[in-house]
Amino acid sequence: MMHNPQAEPEARIQNAMRQLLAGPVPDGLKCDVKSLCTLAGVPRATLYRTYPHLKAEFDRQRQAAQEAGQQPDPRLAQIERLKAEVATLRERLSRKNTELDALKEFQATALSRLAAQHDEITTLRRQLDATPVASVRALPR
């Protein structure tokens, strides 16, 4: 049997692909081309020049897994989950800030009205003290 030197790196790349795509991704690696080459022990230049079909297959399978909601790299899944959570929290904060602005405006209006009412009451009491009217009864101060 003839030994094919191409088969060994190709097999290592395929094994590394299976390992990265099946998860969990080994510590210090990601589910990317650089980690694929590291895990397979193959230089990236070799992957791009000699095995472009394997790189394309890896990219296709990785994309398909992501579209199916699977994420072989738990760190990437966590990043995506945290990004979604941050977006939700920013939206919630924006709504709360809008509510707070409305409440501050309401408070300012209410205080302004109370001050105007107090001024009116004070003016009416002064007028009543100056010229008492028999039909108006003074309230306690």
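**Nonpolar core**

I began with the largest nonpolar core, which holds 17 residues; Ile13, Leu36, Leu47 and Phe58 touch the most other members. I then checked which elements give two or more residues to this core, and found α1 (7-22), α2 (33-40) and α4 (52-67). The largest share, five residues, comes from α1. I note here that the model is predicted.

I next listed the contacts of Leu36, leaving out residues up to four places away in sequence. Leu36 touches Ile13, Ala16, Met17, Leu20, Leu47 and Phe58.

**Ser35**

I turned to Ser35, which lies in helix α2. Is Ser35 buried or exposed? Its relative accessibility is 6%, under the 20% limit, so I recorded Ser35 as buried. Not counting residues up to four places away in sequence, Ser35 touches Leu20, Leu29 and Lys30.

**Helix α4**

I examined the length of α4. This helix has 16 residues and reaches 22 Å from its first C-alpha to its last, close to the 22 Å expected at 1.5 Å a residue.

Which residues of α4 are buried? I found Leu54, Lys55, Phe58, Arg62 and Ala65. Seen down the axis of α4, these buried residues fall within an arc of 100°, and therefore they line one face of the helix.

Last, I looked at what comes after the helix: α4 is followed by Gly69, and the phi of Gly69 is positive, near 85°.

Note on methods. Residues are numbered from 1 along each chain as its sequence is written. This is a predicted model: local features need pLDDT of at least 70, side-chain atom pairs count only at pLDDT 80 or more; totals for chains, interfaces and linings use all residues. Side-chain values use heavy atoms; hydrogens and water are left out. A nonpolar core is a set of buried Ala, Val, Leu, Ile, Met, Phe, Trp, Tyr and Cys residues joined through side-chain atoms within 4.5 Å. Buried means under 20% relative accessible area, exposed over 50%, partly exposed in between (1.4 Å probe, protein chains only). Helices (H or I, at least four residues) and strands (E, at least two) are DSSP runs, numbered from the N terminus. Contact means heavy atoms within 4.5 Å. The expected span of a helix is 1.5 Å times one less than its number of residues. The arc is that of the directions from the helix axis to the C-beta atoms.
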